Amino acid sequence: MPTGKVFSRPARKVTNFLNSLIDWIYPPQCTCCGKEPDLCPFLCKECYQKLLLFDNTPDSIVYHKDHPADRVKAMFYFDEILQQLIHDIKYRDASYVANYLGRKVGEYYKLSEFSQCDAILPVPLFSVRKRERTYNQATCLAKGISKEWGIPVEERWVKRCRNTNTQTKLNKEERRKNIEGAFIVRKKSILPEHICIIDDVFTTGATTMEMARTLKKAGVKEISILCLATPLREGKRKI
Ligand SMILES: [Zn+2]
């Protein structure tokens with residue numbers, strides 16, 4: 001009797017052939033400059049080397065006097081390359097870019113306190129927004145990180161119950177008020193001791209801080225926040 005294994009090899013061959021055909025018809029290009037990608041599937045060597053490692057606590061943390069997180073870091077500086085990549089992730093269906101960058105973040109922080117968490121929670125999108133975009137970019141990042149750390153992603157534990165998408169036009173105080181009470185914890189009874197929250201960009205931190213506050217109120221003892229990038233200029237250096 002045939003098994004899945006017997007058929008898997010030819011199926012893989014067909015998939016590989018189709019992928020090569022697609023690459024031949026549409027050769028892969030660097031997302032930023034259009035050259036042939038190198039070192040990474042969507043960036044050429046030059047653009048990849050322009051990525052700026054931040055690996056620090058974003059400066060805007062000072063605006064959160066009562067800040068509930070035990071540690072906060074962003075890996076990259078939000079420069080024009082990261083801006084382009086995040087734009088592609090959000091608006092051009094490039095979830096594989098988020099997944100790849102998530103693996104890079106996971107690799108980089110593999111031996112840190114962040115990877116000592118019990119669960120990884122991406123910042124949830126409001127349901128309507130998620131339907132529009134079909135996926136949550138923070139979840140794709142979180143899944144990449146999860147592969148490196150071997151820690152589960154729990155995207156259903158926290159729900160975003162309000163649409164707070166007008167954040168960009170608000171100042172720090174208005175952002176905080178706008179986001180207040182925007183999250184609810186669904187699974188209070190099973191929350192572990194240490195949760196790592198994942199998001200793409202840490203700007204004022206209003207969103208991730210509110211999620212951390214909500215989780216602490218629900219009984220989580222330790223909260224880490226890890227983001228892909230932050231727009232601050234302090235402490236930047238090349239990777
Ligand atoms: Zn390039």
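Contacts between residues 24 or more positions apart make up 73% of those in the chain with a separation of 6 or more. The model is a predicted one, and in it the chain contains 8 helices and 8 strands, while 38% of its 239 residues count as buried. The mean pLDDT of the chain is 85, with 86% of the residues reaching 70 or more. Over residues 1-6, however, the pLDDT is below 50, and this stretch has 1 contact in the model beyond near neighbours in sequence. The pLDDT also stays under 50 over residues 235-239, although for these the model has 11 contacts beyond four places in sequence. Where pLDDT is low, the predicted coordinates should not be read in detail.

The buried residues of α4 are V97, A98, L101, G102, V105 and G106. An α-helix has 3.6 residues a turn, so residues three or four places apart point the same way. The partners against which the buried residues of α4 pack are the strands β2 (71-77) and β7 (222-230), together with the helices α3 (80-91) and α6 (137-149).

By class, the contact of α3 with α4 has 5 nonpolar, 1 polar and 1 charged residues. On the side of α3 the contact involves L85, D88 and I89, which meet S95, V97, A98 and L101 in α4.

Helix α6, with 13 residues, reaches 19 Å from its first C-alpha to its last, which is close to the 18 Å expected at 1.5 Å a residue. This helix is mostly covered, 10 of its 13 residues being buried. The buried residues form the run Q137, A138, T139, C140, L141, A142, K143, G144, I145 and S146, and they pack against α3 and α4 as well as against the strands β3 (119-122), β6 (194-201) and β7. Just after α6, G150 takes a positive phi of about 70°.

Positive phi values are also found in residues other than glycine. L39, in the loop between α1 (4-25) and α2 (45-50), has a phi near 60°. Because 11 other C-beta atoms lie within 10 Å of L39, this residue is exposed. D55, in strand β1 (residues 52-56), likewise has a positive phi, of about 45°, although it is not a glycine. With 17 other C-beta atoms within 10 Å, D55 is partly exposed.

A further residue, K172, lies in helix α7 (residues 172-179). K172 has 14 C-beta neighbours inside 10 Å and therefore counts as partly exposed. When neighbours within four places in sequence are left aside, K172 is in contact with Y63 and T204. The C-alpha atoms of K172 and S60 are separated by 9.5 Å, although these residues are 112 residues apart along the chain.

Terms used:
Residues are numbered from 1 along each chain as its sequence is written. This is a predicted model: local features need pLDDT of at least 70, side-chain atom pairs count only at pLDDT 80 or more; totals for chains, interfaces and linings use all residues. pLDDT is the predictor's confidence in each residue, from 0 to 100. Two residues are in contact if their C-beta atoms, placed from the backbone, lie within 7 Å. A residue is buried if 20 or more other C-beta atoms lie within 10 Å of its own, exposed if 12 or fewer, and partly exposed in between; C-beta atoms are placed from the backbone. Helices (H or I, at least four residues) and strands (E, at least two) are DSSP runs, numbered from the N terminus. The expected span of a helix is 1.5 Å times one less than its number of residues. Ala, Val, Leu, Ile, Met, Phe, Trp, Tyr, Cys and Pro count as nonpolar, Asp, Glu, Lys and Arg as charged, and the others, Gly among them, as polar.
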